[in-house]
Amino acid sequence: MKDLILKHNPDLVHVFNPALLVATGVYYAKKLRYPLIASYHTHAPKYLDYYPWYKPFKPLLWSYFRKLHNMASINLCTSKAVQEELVEKDFNNVHLWKRGVDVDKFNPDHAIEEMRLKLSIGNPNKKLLLCVGRLAAEKEIHKLKPLLEKSEDVQLAIVGDGPAREELEEVFMDANTVFTGFLQGNNLAEAFASSDALIFPSVTETLGLVILEAMAAGLPVIAAKSGPTKETGVYKRKDFGEKETINGFTVGNANTLILELSLLDVESNNNRAMRIKYIQNGEKKEQILKSSLLENLNTSND
């Protein structure tokens, strides 16, 4: 790492998630007197809640991260919720790093029949839910199984790879589910645009960038409730016979049960719309979801 820094002689060093190997970047940047910026993207201490053998080490991991981050002049994170948590944990000089997506790459126009056939296992007329991310215990993907058991007309496509893939394949063996493995570039853009909604069960994210990518592709989002996911831009308006519509629905971990998902016709092919019926705290409710991120962007550019 020292030779690499000296070879490029940068104006500053930016380290992502300083731990293990990246920690050497922190050490040599300070030793060689280069300005240092650190950014916090992976909520590793929170992950330990999902691994009983390692959970006792959570305070130690926070201490380790705090020590490395506080060697930087500036610390960046991607949501206000995480910023507040890091400040509470005595991280120094923490700033919000607002994120965006390429709306040319993640766009409804990239929908193709071939990708939808692949993701729906040859059932393109069924409601196609997309789940994108690393396959690990802390992502809580296994919690999607009951939804598939209750709705025979729903297909689930899980995009990504990770240490829990084999276990998840066993969990979803008898469900309407396909595992695509890791996708990138045009294939990933087509997967977003060819689906009907993104479903996002994780509460351990520092932002949830795939939520923004899905919204840019015209998909409504069903997400587990957490501070960062609520910051991705829930937009309300009157539509569909003066009913309130939003582009995202946050699901509480234990008090919400999804009963039914149904697609709605929309005037424009650029966005999907979905009605979701659910029980929350024992009360039956209904909500209409429609992605509107692109409309927000277009309006703000006028």
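This dialogue reads several features of a predicted model.

Colleague: Which residues make the nonpolar surface patch, and what is its area?

Modeller: Residues that join such a patch must have over 30% relative accessible area. In this model M1, L4, L20, L21 and Y64 make a patch of about 540 Å². One of these residues, L21, belongs to helix α2, which spans residues 21-31.

Colleague: Is L21 buried or exposed?

Modeller: A residue is called exposed when its relative accessible area is over 50%. L21 has a value of 63%, and therefore L21 is exposed.

Colleague: Is M274 buried or exposed?

Modeller: Buried means under 20% relative accessible area. M274 stands at 0%, so M274 counts as buried. M274 lies in strand β14, residues 273-280. Its C-alpha is 5.2 Å from that of L289, while 15 residues separate M274 and L289 in sequence.

Colleague: How many disulfides does the structure hold?

Modeller: A disulfide requires two cysteine sulfur atoms within 2.5 Å. The structure has 0 disulfides. As for individual cysteines, C77 is buried, with a relative accessible area of 1%, and C131 also counts as buried, at 4%.

Colleague: What is the volume of the largest pocket, and which residues are the closest to its centre?

Modeller: A pocket is an open set of points, whereas in a cavity the probe cannot get out. The largest pocket here has a volume of about 710 Å³. It is lined by 29 residues, and G133, R134, E205, L209 and V210 are the closest to its centre. Two elements, β5 (127-132) and α10 (209-216), each give two or more residues to this lining. The largest share, 3 residues, comes from α10.

Terms used. Residues are numbered from 1 along each chain as its sequence is written. This is a predicted model: local features need pLDDT of at least 70, side-chain atom pairs count only at pLDDT 80 or more; totals for chains, interfaces and linings use all residues. Side-chain values use heavy atoms; hydrogens and water are left out. Patches are made of residues with over 30% relative accessible area and no salt bridge: like charges are joined within 9 Å, nonpolar side chains (Val, Leu, Ile, Met, Phe, Trp, Tyr) within 5 Å. Accessible areas come from the Shrake-Rupley method with a 1.4 Å probe; for residues, only the protein chains shown count as cover. A salt bridge is a side-chain nitrogen of Lys or Arg within 4 Å of a carboxyl oxygen of Asp or Glu. Helices (H or I, at least four residues) and strands (E, at least two) are DSSP runs, numbered from the N terminus. Buried means under 20% relative accessible area, exposed over 50%, partly exposed in between (1.4 Å probe, protein chains only). On a 1 Å grid over the protein atoms alone, a cavity is a set of points where a 1.4 Å probe fits but cannot get out, and a pocket is an open set with protein on both sides within 12 Å along at least five of seven lines; lining residues have an atom within 4 Å of a point. Grid points are joined across faces, edges and corners, and a volume is the space filled by probe spheres set on the points.
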